[in-house]
Amino acid sequence: MPAVVDHAHRRLHVARIAADIIARVGIEALTMREIAAEAGYSTAIVTHYFSSKQELLLHTYRTAAANAQARVAAALDRDPSDLLGCLEALLPRDEPSIQDWKVYLAFWHIAVLDPDFAAEQASQALNARRLLRGVLEARARQGLPPAPGEFDSVARRLLVIVIGVAVQSVFDPLSWSPEVQREYLMAELGPLCALAIETINS
């Protein structure tokens, strides 16, 4: 009998290899042939799952976004109102999350010129703001700031802060260690991080 192939696993495996290539040597080196060589597959197998480099990059970007969502979910499972934990889960604080951010940066470079990629980026940004709004709503139910009318504007501000810190951290990791990232978040967010600061110091 022919071997049973786990197609979802193969697609994920290819996406992981693509992310690794992007993180190591850049998107210009991302070719179907290079991925096939690193995966131990034939080029025909890779193109069976992804008909073009654009399709592969889109899938790789979505996989990186799903990784971040899983990290956030793990933080919020412990405490749905943990704003600091949520923000840190979105930042490049270890090798897997740094790799995800390198994929994002490569994707954004293309999204500037490609309307389909730009639409995907807008959709992911909206998802991130909704996630952050959910944390703010959980805080409000505990009587913590911000006020309900500020949820959307604060969520947008938080996403901008995350992106800014993340980009700095990817390009200058020595100056933007996880500890420095946390200090910056606390300084920027002020009262929004008050509960987290009290918890850390207790």
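These legends walk through several close-up views of one predicted model.

The model is predicted, so local features need pLDDT of at least 70 and side-chain atom pairs count only at pLDDT 80 or more, while totals for chains, interfaces and linings use all residues. Residues are numbered from 1 along each chain as its sequence is written, and side-chain values use heavy atoms, with hydrogens and water left out.

**Figure 1**
Let us start with the overall picture. Read along the sequence, the pattern is α-α-α-α-α-α-α-α-α-α. Helices here are DSSP runs of H or I with at least four residues, strands are runs of E with at least two, and both are numbered from the N terminus. The C-alpha atoms fill a box of roughly 60 × 40 × 35 Å, taken along the principal axes. Of the 202 residues in the chain, 41% are buried; buried means under 20% relative accessible area, exposed means over 50%, and partly exposed lies in between, using a 1.4 Å probe and protein chains only. Contacts (heavy atoms within 4.5 Å) can also be sorted by separation along the chain: among those between residues at least 6 apart in sequence, 64% join residues at least 24 apart.

**Figure 2. Helix α2 (residues 32–39) and its buried residues.**
Met32, Ile35, Ala36 and Ala39 are the ones to look for, as they are buried in α2. Seen down the helix axis, the buried residues of α2 fall within an arc of 100 degrees, so they line one face of the helix. That arc is taken from the directions running from the helix axis to the C-beta atoms. Arg33 and Ala37, on the other side of α2, are exposed. The cover over the buried residues includes α1 (7–25), α3 (43–49) and α4 (53–78).

**Figure 3. Where helix α6 (residues 95–111) packs against helix α7 (residues 115–140).**
Two packed helices are described by the angle between their axes and the distance between the axes. For α6 and α7, the angle is about 130 degrees and the axes are 8 Å apart. That makes α6 oblique to α7. The axes are lines fitted to C-alpha atoms, for helices over the stretch in contact, and angles run from 0 to 180 degrees between N-to-C directions. Angles under 35 degrees count as roughly parallel, over 145 as roughly antiparallel, 65 to 115 as roughly perpendicular and the rest as oblique. From α6, Phe107, Trp108, Ile110 and Ala111 meet Phe117, Ala118, Glu120 and Gln121 of α7. Sorted by class, this contact has 6 nonpolar, 1 polar and 1 charged residues. Ala, Val, Leu, Ile, Met, Phe, Trp, Tyr, Cys and Pro count as nonpolar, Asp, Glu, Lys and Arg as charged, and the others, Gly among them, as polar.

**Figure 4. Helix α6 again, now with α8.**
Here the packing angle is about 105 degrees, and the axes of α6 and α8 are 10 Å apart. That makes α6 roughly perpendicular to α8. Trp101, Lys102, Leu105 and Trp108 of α6 meet Val162, Ile163, Ala166, Val167, Val170 and Phe171 of α8. By class, the contact of α6 with α8 has 9 nonpolar, no polar and 1 charged residues.

**Figure 5. Salt bridges, including the pair Arg71 and Asp100.**
A salt bridge is a side-chain nitrogen of Lys or Arg within 4 Å of a carboxyl oxygen of Asp or Glu, and by this rule the count comes to 8. The side chains of Arg71 and Asp100 meet at 3.0 Å, N to O. This pair links distant parts of the chain, with Arg71 in helix α4 and Asp100 in helix α6, 29 residues apart. Arg71 is partly exposed because its relative accessibility is 22%, while Asp100, at 3%, counts as buried. In another salt bridge, the closest N and O atoms of Glu88 and Arg93 are 3.5 Å apart. Glu88 is buried at 10% relative accessible area, and Arg93 is partly exposed at 28%. Asp20, Arg24 and Glu38 are linked in a network of salt bridges.

**Figure 6. Between and across helices α7 and α8.**
The salt bridge of Asp152 with Arg133 has an N to O distance of 2.7 Å. Asp152 lies in helix α8 and Arg133 in helix α7, 19 residues apart, so the pair links distant parts of the chain. At 27% relative accessibility, Arg133 counts as partly exposed. In the loop between α7 and α8 (151–171) you will find Pro146. The peptide bond from Pro145 to Pro146 is cis, with omega near 5 degrees. Most peptide bonds are trans.
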